[in-house]
Amino acid sequence: DGLIPVAQKIGLEQAAHLDEESLKRFVDSPAAAVLRENLKNFKGVPSTDLPETIQAGLRPYQKDGFDFLCHLTQIRLGGILADDMGLGKTLQTLTWLAWLQAQNKKNHKPSLVICPASVLHNWRREANRFAPHLRVLVLESGNARHNLRKQIPENDLIVTNYALLRRDLTALQKFDFQAIVLDEAQFIKNPGAQVTQSVKQLRASQRLALTGTPLENRMLDLWSIVDFVQPGY
């Protein structure tokens, strides 16, 4: 039950459904060794210079959030930015995406934001306001988006919504994104839901979840989000 402070045996049937790749999580690996070393030597999140392309002054807590996201990137972890609603998660994320772009000039890949349909165009407005250098492509309902998807490699930020993702999954799986950002990430709180399964099939170097309510009803809500940002953790 996890409450007894001594080693306990676990039945092999608990691991019977795991494939070879999943089983590797339970043994030492070079990646695990590096992470363990980073944790042992951790002295705090280092400060990162803001990208020159961002046209906004970040408040101190927003700068802390940006530093946190950059630190996660440097130690190759995904993360959850769980500020309350209205505290600027979008600005912090756009600043981080601009920083990512500057770090990967020689290997340009677009980033993908998946959000509720109600805030689809808010991402375009915020990007135009704070990071006007980013080329933004919004994919929304209608047949036009099928042709627009051809423009994905030419853009920096692709924005779509959860409902369309399920329909466009096969097409979006063809792309390798720099980052995938889930806005209102509680949309994937149910690990068995189709939308949750869909987002976990996309490819990206970095994964970020934005939510003011990472835990709504039960611990499984949080598990599902963490399993997206850090698969297999």
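User: Which elements do the buried residues of helix 3 pack against?

Analyst: Helices (H or I, at least four residues) and strands (E, at least two) are taken as DSSP runs, numbered from the N terminus. Buried means under 20% relative accessible area, exposed means over 50%, and partly exposed lies in between (1.4 Å probe, protein chains only). Contact means heavy atoms within 4.5 Å. In this predicted model, the buried residues of helix 3 pack against strand 1 (79-81), helix 4 and strand 6. The model is predicted, with local features needing pLDDT of at least 70 and side-chain atom pairs counting only at pLDDT 80 or more, while totals for chains, interfaces and linings use all residues. Residues are numbered from 1 along each chain as its sequence is written, and side-chain values use heavy atoms, with hydrogens and water left out.

User: Which residues of helix 3 are buried?

Analyst: An α-helix has 3.6 residues a turn, so residues three or four places apart point the same way. In helix 3 the buried residues are Gln62, Lys63, Gly65, Phe66, Asp67, Leu69, Cys70, His71, Leu72 and Thr73.

User: What span should helix 3 have?

Analyst: The expected span of a helix is 1.5 Å times one less than its number of residues. Helix 3 has 15 residues and should span 21 Å; its end C-alpha atoms are 21 Å apart, which agrees. After helix 3 comes arginine 76, with a positive phi near 60 degrees.

User: Which residues of the largest nonpolar core touch the most other members?

Analyst: A nonpolar core is a set of buried Ala, Val, Leu, Ile, Met, Phe, Trp, Tyr and Cys residues joined through side-chain atoms within 4.5 Å. The largest one here has 29 residues, and those touching the most other members are Trp96, Val113, Trp123, Val136, Leu157, Val159 and Leu208. Elements giving two or more residues to this core include helix 3 (60-74), helix 4 (89-103), strand 2 (111-115) and helix 5 (120-130). Helix 4 supplies the largest share, seven residues.

User: What is valine 113 in contact with?

Analyst: Leaving aside neighbours within four places in sequence, valine 113 is in contact with Trp123, Leu157, Ile158, Val159, Thr160 and Val181. A second, separate core has 23 residues, among them Leu139, Leu169, Phe177 and Leu202.

User: How many salt bridges does a search of the whole structure find?

Analyst: A salt bridge is a side-chain nitrogen of Lys or Arg within 4 Å of a carboxyl oxygen of Asp or Glu. The search finds eight. In one of them, arginine 135 pairs with aspartate 156, with the closest N and O atoms 3.0 Å apart. Arginine 135 is in the loop between helix 5 and strand 3, and aspartate 156 in the loop between helix 6 (144-148) and strand 4, so the pair ties together parts 21 residues apart in sequence.

User: Is aspartate 156 buried or exposed?

Analyst: Aspartate 156 is buried, at 8% relative accessible area, whereas arginine 135 is partly exposed, at 42%.

User: Which residues are linked with Arg145 in a network of salt bridges?

Analyst: Arg149 and Asp168 are linked with Arg145 in such a network. Between arginine 149 and aspartate 168, the closest N and O atoms are 3.4 Å apart. Arginine 149 lies in the loop between helix 6 and strand 4, and aspartate 168 in helix 7 (residues 162-172), so this pair ties together parts 19 residues apart in sequence. Both arginine 149 and aspartate 168 are buried.
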